[in-house]
Amino acid sequence: MSNFGDLEIFARVVGAGSMSAAGRELGLSPAVVSKRLRRLEDRLGTRLLQRTTRQIALTEAGQGFYERVVAILAGIEEAEAFVARRSAIARGTLKVSAPTSFGRMHIAPNLGDFMKNNDDLNLNLLLSDDLVDIVGEGFDVAIRIAELEDSSLVARKLASVRRILCATPEYLAENSTPKTLEELAHHNCLTHQVSDTWRMAGPEGDVSVRPTGNISTNSSEVVREAVLAGLGIGLRSTWDVGQELADGKLVQILPEYESTSNVGIYAIYPSRQFLPAKVRVFIDYLAQIFGGVPYWEAGLNTPETPKLKKEN
């Protein structure tokens with residue numbers, strides 16, 4: 001294998017966090033990966049990685065070398081994309097990060113047609129609610145549900161996020177349906193954290209509600225299941241409970257109020273002059289599925305004038 005190949009192996013090991021994981025991505029055995037890394041270190045005359053049985057870590061020299069290697073590999077990929085005139089054929093391995101619940105509910109079920117139409121592509125989809133380092137961890141694209149701040153990364157908005165108040169018909173039959181935000185104080189409101197504040201927009205403008213209830217958790221999925229179990233009222237995204245609302249398992253409460261958060265669903269990717277075809281076709285596919293009025297909004301009450309920030 002060429003010296004350039006050794007550079008790619010080194011970058012993959014750092015991005016994947018282990019030689020075995022990098023080997024799986026490249027189709028090489030851990031022994032071959034280890035041999036190539038030793039060859040690279042011998043040629044450079046310095047140690048790039050500190051190895052233990054459980055993990056690897058960059059040395060000071062390795063950190064500086066890695067940053068330069070990543071830039072070199074990105075430049076080569078851009079050059080290849082330029083020569084190929086940004087071919088529509090997606091090849092290689094596409095490494096994607098996505099939130100756990102959204103990935104399970106809205107990305108995994110829609111992969112069938114995408115993979116059939118891109119049979120030269122391998123997909124490495126990692127679901128996590130942690131905020132991953134896209135460049136440092138070697139991701140091609142990350143799906144994020146967020147209110148984006150300034151960043152050196154490129155973002156494409158796939159859909160807006162609506163968050164509404166809802167509960168089961170059984171809970172409302174037993175506890176009555178609140179007619180005002182003030183009446184929420186007499187209900188069991190299910191939140192992510194004890195300090196959670198619901199910021200709502202309604203007829204009188206923006207208001208804040210401090211919900212109280214007997215369950216608090218750091219897991220959005222726990223809140224979702226608790227609401228579906230009839231344990232109280234929750235502020236949920238329509239992508240999360242749209243099907244249950246359409247089926248009548250949940251009922252929207254106080255429909256004149258919605259969350260004021262400017263949260264959207266975004267595809268985030270490193271800022272590059274030439275976007276690799278594998279990234280472009282994946283983002284275009286998701287935009288086609290989620291764009292306009294997302295399918296999870298079908299049959300739901302939607303405001304005539306969206307309260308969320310419009311995409312530029």
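A residue is called buried when its relative accessible area is under 20%, exposed when that value is over 50%, and partly exposed in between. The legends below describe a predicted model.

**Figure 1. Overview of the chain and its secondary structure.**
The predicted chain contains 10 helices and 14 strands. Of its 312 residues, 43% are buried. The accessible surface comes to about 16800 Å², and carbon and sulfur atoms account for 49% of this area. How far apart in sequence are the residues that touch one another? Among contacts between residues at least 6 apart in sequence, 76% join residues at least 24 apart.

The structure holds zero disulfides. Are C166 and C189 buried or exposed? C166 has a relative accessible area of 0%, which is under 20%, so C166 counts as buried. C189 has a relative accessible area of 1%, and by the same cut-off of 20% C189 is buried as well.

**Figure 2. The open sheet β8-β11-β7-β12.**
Four strands form this open sheet, and their pairing is mixed. Strands β8 and β12 are the edges, since each of them pairs on one side only. Strand β7 covers residues 163–167 and is joined to β12 by three bridges, with the two strands running antiparallel. Within this pairing, L165 stands opposite I253 of β12. As a general point for reading such a view, side chains in a regular strand alternate between the two faces of the sheet.

**Figure 3. The open sheet β10-β9-β13.**
This open sheet consists of three strands, and the pairing is antiparallel. Which strands lie at its edges? They are β10 (205–209) and β13 (258–259), each of which pairs on one side only. Strand β9, made of residues 198–202, pairs with β13 in the antiparallel sense over two bridges. The bridge partner of A201 in β13 is E258.

**Figure 4. Two loop residues with positive phi.**
Neither residue shown here is a glycine, yet S176 has a positive phi of about 80° and L254 has a positive phi of about 45°. S176 lies in the loop that connects α7 (169–175) with β8 (189–190). L254 is found in the loop between β12 (251–253) and β13. How does their exposure compare with the cut-offs? S176 has a relative accessibility of 41%, which falls between 20% and 50%, so S176 counts as partly exposed. L254 has a relative accessible area of 5%, which is under 20%, and L254 is therefore buried.

**Figure 5. The second largest pocket and its lining.**
The volume of the second largest pocket is about 780 Å³. Its lining is made up of 30 residues, of which P99, D129, I145, S220 and W239 are the closest to the centre of the pocket. Which elements give two or more residues to this lining? The strands that do so are β3 (92–98), β5 (141–146) and β11 (233–237), and the helices are α5 (100–107), α8 (220–228) and α9 (238–247). Strand β5 gives the most to the lining, with five residues.

**Figure 6. Strand β5 and its pairing partners.**
Strand β5, which gives five residues to the lining of the second largest pocket, pairs with β3 in the parallel sense over two bridges. In this pairing, S97 stands opposite A142 of β5. Strand β5 is also joined to β14 (residues 264–269), by five bridges, and these two strands run antiparallel. Here A146 stands opposite G264 of β14.

M19 is found in helix α2, which covers residues 19–26. Is M19 buried or exposed? The relative accessible area of M19 is 19%, which is under the cut-off of 20%, so M19 counts as buried. Which residues does M19 touch, not counting those up to four places away in sequence? They are V13, V33, S34, L37 and R51. The view also includes I56, which is 37 residues from M19 in sequence and 8.6 Å from M19 in space, C-alpha to C-alpha.

Methods: Residues are numbered from 1 along each chain as its sequence is written. This is a predicted model: local features need pLDDT of at least 70, side-chain atom pairs count only at pLDDT 80 or more; totals for chains, interfaces and linings use all residues. Side-chain values use heavy atoms; hydrogens and water are left out. Buried means under 20% relative accessible area, exposed over 50%, partly exposed in between (1.4 Å probe, protein chains only). Contact means heavy atoms within 4.5 Å. Accessible areas come from the Shrake-Rupley method with a 1.4 Å probe; for residues, only the protein chains shown count as cover. Two strands pair if DSSP finds at least two bridges between them. A disulfide is a pair of cysteine sulfur atoms within 2.5 Å. On a 1 Å grid over the protein atoms alone, a cavity is a set of points where a 1.4 Å probe fits but cannot get out, and a pocket is an open set with protein on both sides within 12 Å along at least five of seven lines; lining residues have an atom within 4 Å of a point. Grid points are joined across faces, edges and corners, and a volume is the space filled by probe spheres set on the points.
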